Amino acid sequence: MTDQSPLGSGPPGRQKAGHRNAGHRDGSILKLSRRGFLGASAGALVLGVALPGRGPAQAQEAEEPAIEPGTRVSAFLEIRPDGSVLFRTPFIEGGQGVFTALPQVVGEELDVDPAHFTVECAPPGPDYLLFDGIRFTGGSMSVRRSYDRMRTLGASARHMLLQAAATRLDVPFAELSTEPGRVVHAASGRSLAYGDVAEAAASLPLPDPADLTLRARADFRWIGASVSRLDIPDKATGKAQFAIDLSLDDMLHGAVQHAPRLRMEPGAIANEAQVRDMPGVHSIHRLPGAVGVLADSWWRAHRAAETLQIDWTEAEPGADHAMPADFSSEERTATLSAAPGEGIAFEANGDVRAALDSAATVVEATYTAPYLAHAQLEPPSALVRWNDDGTLEMWVPNQAPEMFQGAAAKAAGIAPEKVIIHSPMLGGFFGRHFIYDTANPFPQAIPMAKAAGRPVKLIWSREQEFLRDAVRPLGVARFRAGLDENGLPVALDAVAVGEGPMGRWFGRKPDTADSSAVEGLSGKPYAIPNRRVAHLPIDDPAIIGFWRSVGHSMNDFFSETFLDEMADAGGQDPYALRLRLLEDNARLTTLLKAVAELSGGWKRGPFTADDGRRRARGVAMASPFGSEVATIAEVSIADGRVRVHDVWVAIDPGRIVNPAIIEAQVTGAVAIGLSATLLEEVVYKDGVPQARNYDGYPILPPDQMPTVHVRIVESGAPMGGIGEPGVPGVPPSVANAVAALTGRRVRSLPLSRTRFEGAA
Amino acid sequence: MELTINGSRHPVEVEPDTPLLWVLRDTLGMTGTKYGCGLSQCGACTVLADGHPIRSCVTPVESVAGAEIMTIEAVTDDPVGQKVVAAWVDHQVPQCGYCQSGQVLSATALLKQNAHPTDADIATAMVNLCRCGTYTAITAAVRQAAETA
């Protein structure tokens, strides 16, 4: 299975042009030597914080030849005299392990132990636009879509080191080999450390890719191994720095109070003078949809911002996505559920209408899923400094440096090349840190820093974050299925009603379905001869965004739970039915059997567990982000609530880089998937999200974490994603288990809305 | 007002009701302690006061003026803390890592008070939230640290 759109589910960029400013002045290849890194170090000393350097993009000129992203060794690698490697990765680390996986890939070909890598996220620049001219960390794409180029990059650097060593030792290139970190001349017993020839290698041209030999899979030492994560020691000792932890000399701290509803604007402030006199307060700033306070500490700024008594005026007529005063998520659910229309077809096979008309049995159902918050633990922030040379420097949590550069330039009214972006590690992201306009703090920090003439670190309090997060859309799916006289599916019509984040942020052509609205209804592998998947677009009044596994986060719940309804209506066992519908698909048959075996053999139940309680199991499959996943969950009911005991996941990402990271990602994906299944919903009332903190928006606590069992099936298919694919199978496997146990088919999430009194 | 943090004394001049969290982070520049919710919900801000885990985001600084405060910056100066950190690394616990300062200190506090906790003791003590879902690895790491303590 492949992605539902050519771009998968991460967002494509909006700015394909505008980055011709990069390119090394003399066109040479390994130019960095150590200048860039030492420069960054010097800057760091001045700033008192460890900050990434300005990198190549800011040091370059316009009339350079086009750069092939991912090829220029100098933009990515710097080998220091001690043999350690500084690696500028195109992607940001936010827990998913990319700061370790890519060093494994590069190190394999470079012949350097990944443990000797230091990794930082690369600044904006054309070298890093690896996804058809754009870059972002998302869509579970980082490793799979850079794997080949990163291997070649490592091999190129190794080749250059060999060339430099051949000159130094005055021996033929062909007589040299490498062992980790060294060039070896076996014939003479001499060797050179990489650090000793790195500077000479830096002046050599890039090798012709045809001259490179990549390592054979059988000889891999690090690719495929559970290499320890490079970021763990610092994260276990509090040394890891996130955007929120950085500071600059002479910096002011900022806090905001947002308008209760989007596009309301600040009017009179009844107690402005009093707040200005509060301790430490520097200034008060009227911003679009908010009032900001700068002070000498964040607590003082926050307290002042919360104290402001602001007269909020209604949105200007025609304001973009002005939140109506009568909006509620409950009404939105009802509106979508009742919306007339068959939608715009995204997938169509056979003749669904005729097959439904002639079916022995027709099954119909409507499913709903709520808005979700990202609820990442690190609140959004922006550290902003206007430099004396007219540049604007920003340290911001972000999944897309060039997009933030462009958006910041717009907000600041300057050219993009005047914006310097630093990308610190993310304290969780799950889709939170794309450009969402009103959901990003930097457009507020930029004018406040300008007005104050000092650097500003703006942090959104948890409450202000819940008020402006870009939420996972609320969604509805309507199904009709036809079964033949043997109870087997012959027709399936699925309509997703609502709006997807891809269409919202990157445009949806009229009369075209949004892939992010239907993925998980579409792309299903089952042999059902007549199928139609459609999108009925109805714009969402809320600010919507990408949330871990995007459309799959709800659509696989809808489709896989409805598949169980079809099985029940046809008198079929849901596991046996899936096997039957996949009998021509060897890869998925293997995977489904693997998860069953992992769980000790398929048994639906209900059955009595060792603790004497009744339990049951549910199964689900999903094909998200280039990977294949089969999930089984075991549940019981306690005090009217669903309790999930075990979740078994078999995942086939085709090929793998780090099995330990995969297991950790799948386990974490089960946690967030279960959190959404059991607990999470953003409820809007009167145009305002009701929960402002974790007390009103509970996320999975430790005592509800199930035991997660993971099996990796490496089929050899093209490499798929890892960060998101574990999520989609969780809600349907749990809901299917609950139905098996209680006889109740719950068609809306979260399950905490339903009390299972007297069940089981 | 004077605070004793990681064995050192720090004079601070702030409003007495300022949360300890912000004194640590903004006044003293000790940013290993994290802000997550400000409402004692998530535990990312956990530090130890006289060995007990407290949520520094809701702890007025004046209330701990006489206490021995320990933050993540000093965790490896503590023999129990060292074992906890070693277990955290062995079990590769962190993902994004943002909540882990609080998790590590919660585990350190538990093992200082109870060298051989039962699974129920661990569940009672380890209640901080983790959005990445590292809970299973946390429990395994606490068990290991207890065995080596």
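Predicted model: local features only at pLDDT ≥ 70, side-chain atom pairs only at ≥ 80, totals over all residues.
1. Over all chains, the structure holds 52 salt bridges.

2. One salt bridge joins the side chains of E15(B) and R303(A), at 3.7 Å from N to O. This pair crosses between chains: E15(B) lies in the loop between β2 (8-11) and α1 (20-27) of chain B, and R303(A) in helix α8 (residues 298-307) of chain A. E15(B) has 16% relative accessibility and, being under 20%, counts as buried. R303(A), with 26%, is partly exposed.

3. R432(A) and D469(A) form a salt bridge whose closest N and O atoms are 3.1 Å apart. The two residues are 37 residues apart, R432(A) in the loop between β16 (419-422) and α12 (442-452) of chain A and D469(A) in the loop between α13 (462-468) and β18 (475-483) of chain A. R432(A) is buried at 0% relative accessibility, and D469(A) is buried at 6%.

4. E597(A) and R711(A) form a salt bridge, with 2.8 Å between the closest N and O atoms. R711(A) belongs to strand β27 (residues 707-712) of chain A and E597(A) to helix α18 (residues 586-598) of chain A, 114 residues apart. Here R711(A) is partly exposed at 27%, while E597(A) is exposed at 54%.

5. In chain A, three strands form an open sheet of mixed pairing, in the order β1-β2-β3. β1 (77-79) and β3 (117-121) of chain A each have a single partner strand, so one side of each lacks a neighbour in the sheet. β1(A) pairs with β2 (residues 85-89) of chain A in the antiparallel sense over three bridges; L77(A) stands opposite F87(A) in β2(A).

Note on methods
Residues numbered from 1 in each chain as written. Chains lettered and ligands numbered in written order. Heavy atoms only, no water. Pairing = 2+ DSSP bridges. Helix = DSSP H or I, 4+ residues; strand = E, 2+ residues; numbered from the N terminus. Salt bridge = Lys/Arg side-chain N within 4 Å of Asp/Glu carboxyl O. Buried < 20%, exposed > 50% of the residue type's maximum accessible area, 1.4 Å probe, protein only.
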